[in-house]
Amino acid sequence: MNKIALVFDFDDTLAPDSTSSFLENMGVDVPEFWQKKVQKLLDEDWDPVPAYLYMMIEESNSGRIKPITREAIENYGSKLDFNKGVNTIFTRLKEYSAKNYPEIELEFYLISSGLGDLLRQTKIAKNFTDIWASDFSYDKKGMISFPKKIVSFTDKTRYLFHISKGLTGKKYRGKPFDVNKKVDEKKLRITLDRMIFVGDGYTDIPCFSLIRKNQGYAFGVYDTEHRDKWGRAWGFIEDGRVSNLHSANFSNKSDLCNSLLMAIDSIARRIQ
């Protein structure tokens, strides 16, 4: 059966910034965390994702906030709310595809720089064939102790190739080098031109560019409540990074939902 992959970022795409809201829940001064503490590391030439993971460990060990544990991260993920329409978008897209293109199967994937143990406990996690995100290792007390996996910028494109080559699921955990093995293009499970990527931020730019370059579809989304992020989102249009730009509203008949349906139509007709 032919397949189409819909690949999503998470924070500010499917839900408001889950990392910031989790930190606030743990007692962290969020503006100070990002604007002063993480920014200080960026000024010292740290990469953004290891910088925030490191600073989370520092905060957890400081005694000023609740200890950040695996249990706390997972519990918060299980209670997380989403952007409009996200709870039902996966079912709606699958039903549309099954009705109009029964010979084609949709698969959903999540690639995020956010906290993997949080994302894997969300109510929508069951919809994804696989989830890749940043992760911590934990000490004997269950507290975060060191970054175990960092997903950022071009790291995200690595997982597009995992999807393309079919290297997904538990079978491929602990096998980071398998993705570099050469695969005959005719044997690829899902080619890049049969992928749709939805994201909102700078860490998504490499995926936007790779998908667009290979005739797939890349959609940028923005948060309607934070005008300070609108300029960044519009920049994706000006630079030709995305196929289209929408507010992060996945409700039925929204512009974003309609664009996803039209992208499925386009790829499906190309396959037929």
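## Polar contacts and the basis of the model

A polar contact is a pair of N or O atoms within 3.5 Å, where within protein one atom must be able to donate a hydrogen and the other to accept it, and where residues adjacent in sequence count only if both atoms are side-chain atoms. Asp200 sits in the loop between strand 5 (195-199) and helix 8 (205-213), where helices (H or I, at least four residues) and strands (E, at least two) are DSSP runs numbered from the N terminus. Asp200 has a relative accessible area of 6% and therefore counts as buried, the classes being buried under 20% relative accessible area, exposed over 50% and partly exposed in between, with a 1.4 Å probe and protein chains only.

The model is predicted, so local features need pLDDT of at least 70 and side-chain atom pairs count only at pLDDT 80 or more, while totals for chains, interfaces and linings use all residues. Residues are numbered from 1 along each chain as its sequence is written, and side-chain values use heavy atoms, with hydrogens and water left out.

## Lys3 in strand 1

Lys3 belongs to strand 1 (residues 2-8) and, because its relative accessibility is 14%, counts as buried. When residues up to four places away in sequence are not counted, Lys3 touches Glu105, Glu107, Arg189, Ile190 and Arg194, a contact being heavy atoms within 4.5 Å. With Glu105 there is also a polar contact, side chain to side chain, at 2.7 Å. Arg64, by contrast, is 61 residues from Lys3 in sequence and 49 Å from Lys3 in space, C-alpha to C-alpha.

## Helix 7 and its packing

The buried residues of helix 7 (155-165) are Lys156, Thr157, Tyr159, Leu160, His162, Ile163 and Ser164, and these buried residues pack against strand 1, strand 2 (104-115), strand 3, strand 4, strand 5 and helix 8. Thr157 is one of them, buried because its relative accessible area is 14%; leaving aside neighbours within four places in sequence, Thr157 is in contact with Pro206, Cys207 and Leu210. Just after helix 7, Gly166 takes a positive phi of about 80°.

## Positive phi in two loops

Most residues other than glycine have a negative phi. Phe153, in the loop between strand 4 and helix 7, is not a glycine and yet has a positive phi of about 50°; with a relative accessible area of 32%, Phe153 is partly exposed. Gln215, in the loop between helix 8 and strand 6 (217-222), is likewise not a glycine and has a positive phi of about 65°, and its relative accessible area of 52% makes Gln215 exposed.

## The second largest pocket

The second largest pocket has a volume of about 380 Å³. On a 1 Å grid over the protein atoms alone, a pocket is an open set of points where a 1.4 Å probe fits, with protein on both sides within 12 Å along at least five of seven lines, and lining residues have an atom within 4 Å of a point. Grid points are joined across faces, edges and corners, and the volume is the space filled by probe spheres set on the points.

Of the 20 residues that line this pocket, Arg120, Asp135, Lys148, Lys149 and Arg173 lie nearest its centre. Strand 3 (130-138), strand 4 (144-149) and helix 7 are the elements that give two or more residues to the lining, and the largest share, 7 residues, comes from strand 3. By class, the lining has 8 nonpolar, 3 polar and 9 charged residues, with Ala, Val, Leu, Ile, Met, Phe, Trp, Tyr, Cys and Pro counted as nonpolar, Asp, Glu, Lys and Arg as charged, and the others, Gly among them, as polar.
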